[in-house]
Amino acid sequence: MTMIYQTTITRAGEHAADALNDGMMILFREGAPADIEAFCFIHQHGTLTGALQPGCSMDLAEQRYPVTAVGHVAEQNLRELGHITLRFDGLSEAEYPGTVHVAGRVPDYIAAGAVLTFVA
C-alpha cells in the first residue's frame, strides 16, 4: 500500500465532537475561517499525492477504514483547502460532493496528535 495523504490533527473546534455523534468528522486545515473552525477537526495540511477513490483506506488513530465512496469535489477540496467531511456509514455513493464515506465504527474521541492517513 502506498500513502497518498497524511496529516496530524492539531485541535478540535468547540463543536467538532458533536459531529462524531452524527457519524461524521469534518476536517479543515489550520487557518480555517473562524465560523467554520468551531465545527471542525483542525489539522496540518499534507500533500495529496494520488487519487482519493473507493478502494483506498483511511487510517485514523490506529484504526483502518475502507473508503467506500468519494464525492466529486472531495479530492479537490482536500488538496486545495484541507477540507472534507468523513461519513462513517459505508455508503457506496457519495451523499454530498465534498464527502468521503468510510466503513467502520465512528471514533468515540479524536485527540490532538492523532494521525490521519489515506493509503491506496
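Buried denotes a relative accessible area under 20%, exposed one over 50%, and partly exposed the range in between, computed with a 1.4 Å probe on protein chains only. The structure is a predicted model, in which local features need pLDDT of at least 70 and side-chain atom pairs count only at pLDDT 80 or more, while totals for chains, interfaces and linings use all residues. Residues are numbered from 1 along each chain as its sequence is written, and side-chain values use heavy atoms, with hydrogens and water left out.

**Stop 1: Asn77**

Select Asn77, which lies in helix H3 (residues 74-81); helices (H or I, at least four residues) and strands (E, at least two) are DSSP runs numbered from the N terminus. Asn77 counts as buried because its relative accessibility is 19%. Display its surroundings next: Asn77 touches Gly82, His83 and Gly98, residues up to four places away in sequence being left aside. Contact here means heavy atoms within 4.5 Å.

**Stop 2: the nonpolar cores**

A nonpolar core is a set of buried Ala, Val, Leu, Ile, Met, Phe, Trp, Tyr and Cys residues joined through side-chain atoms within 4.5 Å. Select Met25, Met58, Leu86, Val100 and Phe118, the residues with the most contacts inside the largest such core, which has 27 residues. Strand E1 (residues 3-12) gives the most to this core, with three residues. Now centre the view on Leu86: its contacts, not counting residues up to four places away in sequence, are Gly23, Met24, Met25, Leu27, Met58, Val100, Leu116 and Phe118. Another core, of six residues, lies apart from the largest one and includes Ile26, Ala32, Cys40 and Ile42.

**Stop 3: the aromatic pair**

Which aromatic pair does the structure hold, and how are its rings arranged? The structure holds one pair, formed by Tyr65 and Phe88, with ring centres 5.2 Å apart and planes at 70 degrees, so the arrangement is edge-to-face. Rings of Phe, Tyr and Trp (its six-membered ring) pair if their centres lie within 6.5 Å; planes under 30 degrees apart count as stacked, over 60 as edge-to-face and the rest as tilted. Tyr65 lies in strand E5 and Phe88 in the loop between strand E6 (84-87) and strand E7 (99-102), so the pair ties together parts that are 23 residues apart in sequence. Tyr65 is buried at 3% relative accessible area, and Phe88 is buried at 8%.

**Stop 4: the loop between E4 and E5**

Finally, select Ala61, in the loop between strand E4 (57-60) and strand E5 (63-70), and Glu62, in the loop between E4 and E5. Most residues other than glycine have a negative phi. Ala61, however, has a positive phi of about 50 degrees, and the phi of Glu62 is positive, near 70 degrees. Ala61 is exposed, with a relative accessible area of 51%; Glu62 counts as exposed at 85%.
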